[in-house]
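Work through the exercises below with the sequence and the structure at hand. Each task is followed by a solution in steps.

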Amino acid sequence: MDVLRQLLIIAIFPGGIFMLLIGLVYAWINGKLIARLQNRVGPRWFQPFADMLKLITKEEIVPEGTNKLLFELLPIVALAGPMTAALYVPMAGLRPSSSFQGDLIVTIYLLSLMTLCTGFAGANTRDRFSTIGATRALTQLFSYEAPFLLALLGPAIVAGTWQISEIITTNQGLWLVVTQPISFVIAIIGLMGKLEMHPFDAPEAKTEIVAGALTEYSGRGLALFKVGHYVELVIGLTLVAALFLGGLANPLMFLLKTLGLLLGISFLEALMTRLRIDQTVGLWWRYGSVLALLQLVILVIWSTLVS
Amino acid sequence: MTLEERSSPILKAFEKAVAWARMNSVWAVHYNSGSCNGCDIELLTTITPRYDVERIGIKLAGSPRHADVLVCTGPVTGQGKDALLRTYEQMPAPKFVVAIGTCALSGGVFEGSYNTYDGIDGLVPVDVYIPGCPPRPEAIINGFAQLLEKVENYA
C-alpha cells in the first residue's frame, strides 16, 4: 500500500502528470499575458500542448561529433531535476509530499540542474552557436546562483530551520515580503534569470546566436527541455510564493499567489529588453549579491538582538 | 493486408491527435536566397501584431532543427544555393517548403540569368507557392492556410 502511494505521488501528484499539465497551463498563461501586454491576441489555450505533441513526434537528428549517450540523456535529466523538486515544495497549497532537514538546499540545487544540463548539452555539440550559448548559460548560472541562494536564506534564518515545510509553518500568515523586500525582489529576478526569461535571455538570444545551447536539438530533446522550463517556472513560483507571501494554505491561495507573481514576471518580461552577458554578470555581482548580503546581515543582527 | 486495415482504433486516434498538433503548431525558418528584401519585409509584416499569425500557432524559429516549414524568398543565386540545400537538409522530418514571391516561383526578372537557378522548386520540393511581387500579407496568410491543409493531410 505504501509503495502504491509513493508510486502515485511520483507518477500523478505532485510529480509526473500533474506537473506536466500545470507547467503547460502556466506556460500558456505566461505567453498570453505577454501577448496582451504587447497588444497581440496571443496563443490559444492548447498551444503548448500542440507544440509539445508535435515536437515529441518529430524526427530527432543526432548531429555528427556529439556523444550520443549524453545527447539523449541530458534532456531527461533536465526534466527530472525540476520534477523531483516538485516533491519538496507545497504544490497546490498542500503539504510537501516529502520533507527532511535541509531540503531547501536540495530544492535549489535541483532547480539549477536544468541550466547545468542546458550548458552541457550546448558544449556537447560541435555547433558554434551551441557553444556560445552554453558558455553564456553557465556564466549566467554563476552570476545569479549566489544572490538567489542568499535571498532564499532570508526566510530560513527568520524561521531558524532549513526545512521548507517547517519554514512555512513557522511563518504561517507572516508576509515576509514586507520585512524582507530586497530578498523578495532578488528571488523573483533570480527566478527570471534561472528560466532565461526576457532581460536575461542572452543564452538563447534568437537574433544573435540562433537558439543558443539548444540549437542542435530537434524533436524529443527540445520538447523535454521546454517542458522542463515550464515545470521549473511553476516550482519557482510556488517556492517564492510559499516563502515570501505568507505560505500557501489551500489550492485557491496557491492559484492566486502564483498567478499574481506570474503577472508581475510577465510584466517585467514584456517591459525590458535583453541585457548583454557582461551586463547580466555585472548586475548580479555588483548590485544583486551586495544587496542580498546586506539584507542577510540586517536579518542576522535583528534576530540576535531579538533573541 | 494494407496498413490501413492493420491499424487499431487507438493508433488511428493517436495519428489524428498528431495531425492536429502538427496543424496547430507550425514553426517556420526563414531563408533569403538572394531576394531584394521586398518579400522578406512582407513576411515579417505578416508576423507583426497587425496580421498576427502567432495566434494560430505559426511562429519563426531561429534554428532549422526546430522548424517544420522552410519559408524561402528569392531566385536562388549561385552563392545562396548551398546554404538553401543545407538549411533544408538540416530540418527534421516532416518538413514543408513555402516559396514566397515571383522570384522564388520562377526567377522573376532574373529568369535565364547566368547565376540564378530560376526559382527554388528545381532544388527543393515546394509545397505551397505564393505569387506576387511582393505578395501582400493577406496573400501570405492565404498561402499558410493552404499549407495547414497540406500539413493536416500529411500521412
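**Exercise 1.** In which loop of chain B does B:Pro134 lie?

*Solution.* B:Pro134 lies in the loop between strand E5 (128–130) and H6 of chain B. Helices (H or I, at least four residues) and strands (E, at least two) are DSSP runs, numbered from the N terminus. B:Pro94 sits in the loop between helix H4 (78–90) and E4 of chain B.

Two notes on the model. It is predicted, so local features need pLDDT of at least 70 and side-chain atom pairs count only at pLDDT 80 or more, while totals for chains, interfaces and linings use all residues. Residues are numbered from 1 along each chain as its sequence is written, and chains are lettered from A and ligands numbered from 1 in the order in which they are written.

**Exercise 2.** Find which residues of helix H3 (residues 38–47) of chain B are buried, and what covers them.

*Solution.* Step one is the rule: a residue is buried if 20 or more other C-beta atoms lie within 10 Å of its own, exposed if 12 or fewer, and partly exposed in between, with C-beta atoms placed from the backbone. In H3 of chain B, the buried residues are B:Cys39, B:Glu42, B:Leu43 and B:Thr46. Step two is the view down the axis of H3(B): the buried residues fall within an arc of 100 degrees (taken from the directions from the helix axis to the C-beta atoms), so they line one face of the helix. Step three is the cover, which includes strand E1 (27–32), strand E3 (69–73), strand E4 (96–100) and helix H6 (137–152) of chain B.

**Exercise 3.** Describe the contact between chain B and chain A.

*Solution.* Two residues are in contact if their C-beta atoms, placed from the backbone, lie within 7 Å. By this rule, 17 residues of chain B are in contact with 25 residues of chain A.
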